[in-house]
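Subject: A structure for you to look at

Hello,

I am passing along a structure that I have been reading through, and I hope you enjoy it. Please have a look at it first, and then read on for what I found.

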Protein chains: 2
Amino acid sequence: MGVKERRERKKLETRDKILDAARELFIKQGYDGVSMRELAQMIEYSPTTIYLHFADKEQLFQELCRQDFARLAQVFQDAEMPTDCVERLMHIGRTYVEFGTRYPNHYRLMFMTPHPPGELNEGDCEVKGNPEVDAYAFLKLTVQQAMDAGCFRQELKDTDLISQTLWAAVHGVISLQIAKFHEIWVDFRPMEQRAALMLDVTLRGLLKEAK
Amino acid sequence: MGVKERRERKKLETRDKILDAARELFIKQGYDGVSMRELAQMIEYSPTTIYLHFADKEQLFQELCRQDFARLAQVFQDAEMPTDCVERLMHIGRTYVEFGTRYPNHYRLMFMTPHPPGELNEGDCEVKGNPEVDAYAFLKLTVQQAMDAGCFRQELKDTDLISQTLWAAVHGVISLQIAKFHEIWVDFRPMEQRAALMLDVTLRGLLKEAK
DNA sequence: GTCTGTAAATTAACGTCGTTAAGTTAACGA
DNA sequence: TCGTTAACTTAACGACGTTAATTTACAGAC
């Protein structure tokens, strides 16, 4: 009775085909720049077919970003992490910035666009808190380790708060870059300089003593 | 020959009427949530009339945000500024955060949405660099003063870079709040705590010595 | 008072989009 | 061979931003 399985596999194949085409268009044109019709034409299906695999446009691209950002957490895992806890935080920050800069449309949809109160998608429960796929959890873990090693100032005890501050700091650099890059009325310094100073400054402010 | 003047005034009145209605809807519903038809109905004109005063939807709401953010720079001016330079930077940061939190839709359109390479609008030339209407210029000025007073570490000499880092820091807190507030998979600390720690940390990292 | 030119405003439509109801095709089990 | 079900398409709905063509309102000229 391998029929159902074959069908399921076929269905998943189609789904992946949609996702792959969506990814290609999305990277080039962003969320609003991609129409369902265009996407359908690319994979040579009718637009309706997409709705057999995804509830609507937003869910499709959310799934897309979810997959690709899982790879981010993977990168954290794979990259050999420095042993020094401060270096490690720096390394995470730089990796995050690089990822956001490489995939600005992904970044925009995931972190610069408000989404409806959204019930958790399937699979989200396993994701949350698992450092292997959840980049925030990985950051928090590293912050915890740094705190255990006594790196931070004594007053600072809330690992969530610290993690969120570090996150917001690099997020500020990336998102300002994505949204305001073209702006004329401010002489923007090169992205790398801003990212470097931001990491330097925030970590200095968090640590027990200037090195 | 007061005819032309009367006509012009009338036209400006209509324009302001449009802007006022747009503001009301925009605050409640955001850019995508407001349709030109709805806006037209509110002011009891036909949708086409709007296009006699504004080139398109985006330009309308850009003008709206431009006006309202000029008020932000005004607030900086009006508020009695602390004399201590660090306190002053803190004050600016807090004011900025408060403004962004109060008008999230404004903030989103202005600082979280990429706009086409955009030629400068009329009036932008006078705005740029003028601390009375340009909030960034005001920040940069204050940074310059702090630097002149010898507050910062010696290596830090680029006022633009420092300003942009401070800006990105608070921007990170605000924009993450706006975009990710509803998210379940991270236990967000209260906005105020995050903003406070961010300001504390970045300024500590910039200043010559811990106080 | 009538005519004329012009600015202000409207009607009606175009083209595009996300989405869906209804209908068609194809493949399998009985 | 028939009936069931999944996969897929056709055709359309309703909303949107925008525009071409048209009408209305009104100041000045005769």
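Among contacts in chain A between residues at least 6 apart in sequence, what percentage join residues at least 24 apart? The figure is 65%. Please keep in mind throughout that this is a predicted model.

**Chain A by itself**

Let me begin with the fold of one chain. Chain A has 10 helices and zero strands, and along the sequence the pattern reads α-α-α-α-α-α-α-α-α-α. Of its 211 residues, 35% count as buried.

One helix to pick out is α9 of chain A, which covers residues 159–180. This helix has 22 residues, and the distance from its first C-alpha to its last is 31 Å, close to the 32 Å expected at 1.5 Å a residue. Because 18 of those 22 residues are buried, α9(A) is largely enclosed by the rest of the structure.

**How the two chains are related**

Chain B can be superposed on chain A by a rotation of 180 degrees, with 0.0 Å of shift along the axis and an RMSD of 0.0 Å. That is the relation of a two-fold axis.

**Where the chains meet**

How many residues does each chain bring to the contact? Chain B gives 42 residues and chain A gives 42 residues. On the side of chain B that touches chain A, the elements giving two or more residues are α9 and α10 (191–206) of chain B. The largest share of that side comes from α9(B), with 14 residues. Sorted by class, the side of chain B that touches chain A has 21 nonpolar, 11 polar and 10 charged residues.

**The nonpolar core**

Helix α9 of chain B also turns up in the core. The largest nonpolar core has 103 residues, and the members that touch the most others are A:V170, A:M198, B:V170 and B:M198. Helix α9 (residues 159–180) of chain B provides the largest share of this core, 11 residues.

Which residues is B:M198 in contact with, leaving aside its neighbours within four places in sequence? In chain A they are A:T165, A:A168 and A:A169, and in chain B they are B:A169, B:V170 and B:V173.

**The DNA strands**

DNA strand D is surrounded by 18 residues, and the closest are A:S46, A:T48, B:S35, B:D56 and B:K57. Two or more residues of this surface come from each of α1 (3–33) and α3 (47–53) of chain A, and from each of α2 (36–43) and α3 (47–53) of chain B. The surface near DNA strand D is made up of seven nonpolar, six polar and five charged residues.

DNA strand C is surrounded by 17 residues, with A:S35, A:D56, A:K57, B:S46 and B:T48 the closest. For the surface near DNA strand C, the elements giving two or more residues are α2 (36–43) and α3 of chain A, together with α1 (3–33) and α3 of chain B. Its residues divide into six nonpolar, six polar and five charged.

**A few single residues**

A:E44 sits in the loop between α2 and α3 of chain A. Although A:E44 is not a glycine, its phi is positive, at about 60 degrees. Is A:E44 buried or exposed? A:E44 is exposed, with 9 other C-beta atoms within 10 Å.

In chain B, B:E44 lies in the loop between α2 and α3. B:E44 also has a positive phi of about 60 degrees without being a glycine, and B:E44 is exposed, with 9 other C-beta atoms within 10 Å.

Finally, B:E8 belongs to helix α1 of chain B. B:E8 has 10 other C-beta atoms within 10 Å and is exposed. From B:E8 to B:Y96 there are 88 residues in sequence and 36 Å in space, C-alpha to C-alpha.

Happy exploring, and best wishes

Key: Residues numbered from 1 in each chain as written. Chains lettered and ligands numbered in written order. Predicted model: local features only at pLDDT ≥ 70, side-chain atom pairs only at ≥ 80, totals over all residues. Core = buried A, V, L, I, M, F, W, Y, C linked by C-beta atoms within 7 Å. Buried ≥ 20, exposed ≤ 12 C-beta atoms within 10 Å, placed from the backbone. Helix = DSSP H or I, 4+ residues; strand = E, 2+ residues; numbered from the N terminus. Contact = placed C-beta atoms within 7 Å. Least-squares fit on C-alpha atoms with pLDDT ≥ 70 in both. Near = placed C-beta within 6 Å. Nonpolar A, V, L, I, M, F, W, Y, C, P; charged D, E, K, R; others polar. Expected span 1.5 Å × (residues − 1).
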